[in-house]
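Subject: Structure handover and findings

Dear colleague,

Please find below the structure that I am handing over to you.

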Amino acid sequence: MRPLIAGNWKMNNLRSEAATLVAGLMEQRAEQDPGCDMLVCPPFVSIRPVGDLIENSPIALGGQDCHSETAGAHTGDVSATMLADAGCEFVIVGHSERRANHHENDELIASKAKAAISNGLTVVVCVGETLEQRNAEKTLSIVENQVTNAVPDNATAKNTVVAYEPVWAIGTGLTPTIEQIAEVHDHICGLLTASFTDGEEFRLLYGGSMNPGNAREILAVENVNGGLVGGASLKVEDFWAICTSV
Ligand code: PGA
């Protein structure tokens, strides 16, 4: 299966910075197919400007979150319908920063994912344990709970991607060992295979301090079908180096 390398820009990049970044990525992509699908997820206000720039390029556009309802009195929120209307093909839901900063639970995340799928988007559902949970040897049960409860029943391999992102690895420069990544991805693959007829076909991304130095080794792990990249997605050279590591 063709890997996916997704850039989660988080709350970064003003319009001019975003323009420089995507111009650089498009230039590289025009010269070479890195062998993976490429996705950028800008903050909401940059979605249209970035969408205009990457239109007609093979780089896909995604949101970083969405509301579970189509429209209504939800100040500050953006619906999956609006993201689709703005040209997004993807949306991330359940990122650990949303879980921690906005108290999102698996039930809410599943309802967002369901809405995203109903609107024709491919949803990237994030799961992952905290350091405390890993140290307590609860990683597999925590991730199992999240996958079971946050991946909605209308998920298929075509409309859903699962991203394993250990919370303690995000933005810290720390990464799990290759064996630890392999263990969790194998477990997620088993869970999806047990629950969905095409469960084996779901793309599973690894995320958390992925960089040009560690990408090749991580992306070579069985059942790792791409990456969700934060910090390193903000620099053309770094993001491109990760894309060409697949
Ligand atoms: P990081 O973030 O690559 O900066 O660790 C990854 C993420 O949060 O998706």
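Predicted model: local features only at pLDDT ≥ 70, side-chain atom pairs only at ≥ 80, totals over all residues.

Helix packing

In the first, helix H1 (residues 15–31) and helix H2 (residues 44–54) have axes that come within 10 Å and cross at roughly 25 degrees. Angles under 35 degrees count as roughly parallel, and H1 and H2 are therefore roughly parallel to each other. The crossing in which H1 passes H2 is right-handed. On the H1 side the contact involves Arg15, Ala18, Ala19, Val22 and Met26, which meet Pro49, Val50, Leu53 and Ile54 in H2.

The second pair consists of H5 and helix H7 (residues 139–150), whose axes are 8 Å apart and whose packing angle is about 45 degrees. That angle makes H5 oblique to H7. Here, too, the crossing is described by its hand: H5 passes H7 in a right-handed crossing. Asp106, Ile109, Ala110 and Ala113 supply the H5 side of the contact, and they meet Asn145, Gln146, Asn149 and Ala150 in H7.

Leucine 108 also belongs to helix H5, which spans residues 106–118. With 32% relative accessibility, leucine 108 counts as partly exposed. Between leucine 108 and valine 143 there are 16 Å in space, C-alpha to C-alpha, and the two are 35 residues apart in sequence.

Aromatic pairs

A pair of aromatic rings is described by the distance of the centres and the angle of the planes. How many aromatic pairs does a search of the whole structure find? The search finds two.

One is formed by tyrosine 164 and tyrosine 206, with 6.3 Å from centre to centre and 65 degrees between the planes, an edge-to-face arrangement. This pair links distant parts of the chain, as tyrosine 164 lies in strand E6 (residues 160–164) and tyrosine 206 in strand E7 (residues 203–207), 42 residues apart. Tyrosine 164 counts as buried because its relative accessibility is 0%. Tyrosine 206 counts as buried at 0% relative accessibility.

The other pair is phenylalanine 196 with phenylalanine 202: the ring centres are 5.3 Å apart and the planes stand at 40 degrees, so the pair is tilted. Phenylalanine 196 has a relative accessible area of 14% and is buried. Phenylalanine 202, at 2% relative accessibility, counts as buried.

A buried glutamate

Is glutamate 129 buried or exposed? Its relative accessibility is 0%, so glutamate 129 counts as buried. Glutamate 129 sits in the loop between strand E5 (122–127) and helix H6 (131–135). If its neighbours within four places in sequence are left aside, glutamate 129 is in contact with Arg134, Thr139, Ile142, Val143, Tyr164, Glu165, Pro166, Val167 and Trp168. Tyr164 in that list is a member of the edge-to-face pair described above. As for Val167, the C-alpha atoms of glutamate 129 and valine 167 are 5.8 Å apart in space, although 38 residues separate the two in sequence.

Cysteines

The search of the whole structure finds zero disulfides. For cysteine 88, which is in no disulfide, the nearest cysteine sulfur is that of cysteine 41, at 7.7 Å. A disulfide would require the sulfur atoms to be within 2.5 Å. Cysteine 88 is buried, its relative accessible area being 6%. Cysteine 189 is likewise in no disulfide, and the nearest cysteine sulfur, that of cysteine 126, is 18 Å away. With a relative accessible area of 12%, cysteine 189 is buried.

Backbone angles

Most residues other than glycine have a negative phi. Asparagine 13 has a positive phi, near 85 degrees, and is found in the loop between strand E1 (4–8) and H1. Its relative accessible area is 16%, so asparagine 13 is buried. Asparagine 223 has a positive phi near 70 degrees, and is found in the loop between helix H9 (215–219) and strand E8 (226–229). Asparagine 223 is partly exposed, with a relative accessible area of 22%.

Note on methods. Residues numbered from 1 in each chain as written. Heavy atoms only, no water. Phe/Tyr/Trp six-rings, centres within 6.5 Å; stacked < 30°, edge-to-face > 60°. Helix = DSSP H or I, 4+ residues; strand = E, 2+ residues; numbered from the N terminus. Buried < 20%, exposed > 50% of the residue type's maximum accessible area, 1.4 Å probe, protein only. Axes fitted to C-alpha atoms, helices over the stretch in contact; angles between N-to-C directions. Parallel < 35°, antiparallel > 145°, perpendicular 65-115°, else oblique. Left-handed = near helix turned anticlockwise from the far one by under 90°. Contact = heavy atoms within 4.5 Å.
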